[in-house]
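Work through the exercises below with the structure open. Try each task before reading its solution.

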Amino acid sequence: MSDVVEKTLSALPGLFDNVTQTGAAKITSGLKQLIRSITELTSKHEEEKLMKQELSAMKEQVSSPNTSMKQMREVMVRAMYCEMLGYDASFTYIHAIKLAQQGSVLEKRVGYLAVSLFLTEGHELLLLLVNTVLKDLQSTNLIEVCMALTVVAQVFPKDMIPAVLPLVEDKLSHPKEIIRRKAVLALYKFYLIAPNQVQHIHAKFRKALCDKDPGVMTSSLHIYLQLIRESPDGYKDLTGSFVAIMKQVVGGKLPMDFYYHNVPAPWLQIQLLRILSLLGREDQSTSEQMYEVLDESLRRAEMNHNITYAILYECVKAIYTIHPKAELLEKAARCIGNFVLSPKINLKYLGLKALTYVVQHDAKLALQHQMTIIECLDHSDFTIKRETLELLFRITNAQNVTVIVEKMLDFLRGCGDEHTVIHLVGKVAELAEKFAPDNSWFIQTMSDVFSIGGDSLQQDVPNNFLRLLAEGSECKEEDDELRLFAVDSYLTVLKGDASHLPQHFLQVMSWVLGEYSHLQECVDQREVIRLLAKLLDQRSVSSETRVWILSALTKISEGQTDLILELAESLSSSQDTVLRQQAQELRHLSRDSQLQECVLPRGAPWDSMEVDSSLSFLDGFVSEALAAGAAPYKPPHQRQEELSEERALNLEPYSFSLPVSLSSCSITDRQSPPLLSVSSGLSGNSTELSQKEGSSTLILEGVRRVWGKDGYLPQKETAATAPPVDEPSIAVHPSGQQEVAERIETQPEPSTRNQDKQQLASSLFVGLGTQSSISLLGKSEAPPPRFRKKPRPHESSSSSSGTSERSSDSSSRSSRTTTDSFLYGSLLEEEPVTSTSTTTNGLSQNKHTEGDRRANTSQILGSDMVIVRPNTIQDRHPPSASSDLTALLPSEIKDLPHSDVISLTSDPSLSLASCRMFRDEALLLVIFICNCTDTVIKDVAVQLTCEELETASLRGNVVDCLEGKSTSVCHYALLMDEPHTNVSFTGTVSYQTQPGHTNTLPFSGTLSTVDFIRPLVVTTEEYGKLWLSLSHDVKQNLKLLTDAGGDPLKTTLNALKDALQLHVVDIIGSEGIVACRLLSGAPCLLHCRVNGSALAMWLRSPHPSLPDCILYHCQRALAEH
Amino acid sequence: MQFMLLFSRQGKLRLQKWYVPLSDVQKKKISREVIQMVLARKPKMCSFLEWRDLKIVYKRYASLYFCCAVEDQENELITLEIIHRYVELLDKYFGSVCELDIIFNFEKAYYILDEFILGGEAQETSKKNVLKAIEQADMLQEEAETPRSVLEEIGLT
């Protein structure tokens, strides 16, 4: 008990603190307080609670009009803190822009910082920053210019670059170097995001390069590095300048400010070295200009500090990139030794990286450091290990491939990082393909690759592997031997537990078995079928893999009718339509062996097929369809254009053709169906589309086609055209090993552990020496790959045909892309497609149509010329029976559109009714005061109050004398400045039935914003301009009305137009634009887009709360509909 | 440079600067992943880390980790020195900087960073120039804050 008391007491001061931390005190120390209380909290839950409070307090503060700029600045800093902690403070973004816009320098600084932290490129609010930036760029205050340039160099809307470009350009000749420097970096940023916009100022970049301030010059190098990386040839003339700058820097001509740990301008040196290496690459004369300075740079960088190593590393890279000079190469190689042998692990890492780079040019260098490399291979640091493997990958040859691949696979088995796995597994596959010593090793390694790589494996690894098996080399026996190995090995794998195997591996195995299991005579085909069928039963097997398996089964089904029919039977009830169809085909084929032989001939070669990419065999079908009245084919771009006008396109002929093409293709093609991709290739104009898609699909070059112009194509044998594969020359092997052996002898061998390493070294670095000795003599040829891929003759045609099957969802796909690419930006800028209403009195026009449409639902009062709009707010009182009240309206407002008359209140003597009348600039509230008695009522006075609205009595609020059974009319003009979803008004009527005896009758009612919304009649063009100028926006998905049977967008917009008083500006395709305003004040633009079954509504207005308000009423209107 | 993160030994983010456009969700995911990876590293390991297709270069100063993500081709050592130079700048500005200085004045730390690195590239490597720019902006800040008191003084006298 006492514990509790003690805790309470100790907590008390804290509580008091919190209480006193209100008002001004809270604002000034808000951030510090927040940070303190957050660090004191122990649980994540408490933190979340506190942050929730904090954020809502901030929200209140930013939306309050009384918050000063200074307070806003403080809030902004807190918002940055909240965002850093990972809480969403996006409601402050707009205020950050405001702060940058309106604040003093001090507040601007915070505002700009917040903007650069909160908003990323492409954020729409950034558009609002453009004017502020423009203003500040022209400011005479240097700090303001600096701030503007800083923000421009970080985030700026791409489309608005032309607006600020001239001002930023001017700053290149500003007297202050800090401004010039920032301007250069801003231009660099522009160049990165929109290169063609700064094309014309390349001359000015040169001026910046020659700037007398080293800082400005250094900044300009960022641009040059980028430019030269893209096209080195255009800047060769600058080599001299860069070399001269480098000489001055290395020679210590720069002011001491630019020294970093006694090294002159290291960052500048590194930039220059990178530029020089790009310029000197494969260019002897340019390289010659820089030898001297590179040498000097190597010589000068001798201090033992990280920064000198950083320069040295860059220097070594440059020396090995440019045209070689023996003397320099030697120095650079020695330099690498310093890195690799350094006890500092960071330097060792960089040494390995440098080695990895240079061994591409001179593999011998790896030999010098073989022991270090082997040590690094067993290093406890993952990063070092990985870099070592990268290095080994580069020095792999036919002799050391088994050892290196084993090392890599070992590493991969213990590696959990998916990116690393994908990356390295690809490399293993590449090595295996290039240098495999024998078939069994190759197949085994690839099996490892597939099982380790898992399902994240890049698709081209299995693709390449299968193509290699399929295309084969020139020697049929060798090919078959390889295939046989694959079949044997996969049968063994499948006999074990296959449930954990990745999908890619299963696909590869089933393809191979389907294709080549017949080669293995000692294996019963029934066994293969059983193994494959067993896979189909496994739940872990994906439906895509199932399709592969079924294709394989189709290929080996020959002669096993009983098994196959059983299988087809079991699949015919599958949920998957593709599987069902395949099962159907399977059944069909197994019954008809002639068809089987014709469709799936066994052992036919892979090349030499003729591809009918124009699909002319379908011509007859097409002309028939055309004759039957089908629409002719239109290329996608044409369809897209038309879609923008009308969404629904008749797709019938295509879907009609589907079953035919699909079934014929999927059987005849010996590739598995998932390889086929979607395309709209029915009439030959589809190459464009299918080529685009080609990248995402499996490459089908070289895959045999058996269907052509005249249907089935008989196979033609072609003579082998590729040159015979060169086996790696065996003659060089002994000398290579000998050299390594010699090197090993020179190394000390103190222990047996070391001996193991030596052994490893000899197996890892075998073959390097020879290669390098050859390269010294002359250009060395890379050893020929073991498996050489055949040239692919019909590159484009086969790829397009490979993707042109299965036109099934082509239509839906193209329409999808159309909608995707249909951005509202284009809508807003587009010329109006349909003519827009030019009636100035949009209101009355609206009313008419509305009245016609809803005549049945709304009660028409009075004469024909009075148009009634339906009630949008719920009136509690039933409509007054005295429908003739409107006849009492004064003539000048009689013709205005108005609502029903509703009864407000009544007592024995008086009854009150009201009616809302809609004038363009105000809402008129008409109050009918009806004397129910037979006697005269005197001194009737109406008092109307409404806090949210501006009210003005126009007439009749005081009536001296109201006769019995008569009615007096008074009306008020109501103006709404601040939108509120609903406002209520209250009022009293005082009157005297007897002199001196005053009665009061209170009344009240509600009005909705809808009463204050007026249509805004604009053209599409005006709308577009207005849209861009508006700042506050709200987005929301609304219900789309689909019940009416017509176009859902039109139906929905009409419903909205009726409920609120909106002006539908234009409907283009799946988008509609609508405009309205709050009385004659703030406009609100609505952009509606059909998004699936919802209507994506985007509202913009200069008024912060108007969009919310209108959205609320739209939601209600649609919900009530 | 793609981004820079400062975080404490406990994995609390102290500063984040992104030079590539990413969504908030991505940023959160990346920083969580990177912080976790860096904190798991042992002290004797090297300061570099391969992560996705980027290199993470980090260094610990007292209780604070400074961490940059650079492109794979970038020179890791010079990135390490960029971090060091930034720490030097902070140290000079705050006068032997500690984690608390950065926590409570993180906006100042951002100002200094923006003067040093702009749009992911080193802007000004001269310590003197960076600090001069910051001081000038700070001075203006003070001037902007003073006028009111000056007026009050005039009113009083």
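**Exercise 1.** Find the order of the strands in the open sheet of chain B, and its edge strands.

Solution. Start with the definitions: strands are DSSP E runs of at least two residues, helices H or I runs of at least four, both numbered from the N terminus. Two strands pair if DSSP finds at least two bridges between them. In this predicted model, 5 strands of chain B give the order S2-S1-S5-S4-S3, with antiparallel pairing. S2 (13-18) and S3 (48-51) of chain B each pair on one side only, which puts them at the edges. Neighbouring strands are turned by 20 degrees on average, direction ignored. Axes here are lines fitted to C-alpha atoms, for helices over the stretch in contact; angles run from 0 to 180 degrees between N-to-C directions.

The model is predicted: local features need pLDDT of at least 70, side-chain atom pairs pLDDT 80 or more, while totals for chains, interfaces and linings use all residues, and side-chain values use heavy atoms, without hydrogens and water. Residues are numbered from 1 along each chain as written, with chains lettered from A and ligands numbered from 1 in written order.

**Exercise 2.** Count the bridges between S4 and S5 of chain B.

Solution. Take S4 (residues 54-61) and S5 (residues 64-71) of chain B; 8 bridges join them. Then locate B:Tyr58: B:Cys67 in S5(B) stands opposite.

**Exercise 3.** Which strands of chain B does helix H2 of chain B lie across?

Solution. H2 (residues 76-94) of chain B lies across S1 (3-8), S2, S3, S4 and S5. Its angle to S4(B) is about 40 degrees. Now take H4 (residues 106-116) of chain B: this helix lies across S1 and S2 of chain B, at about 35 degrees to S2(B).

Key: Contact = heavy atoms within 4.5 Å.
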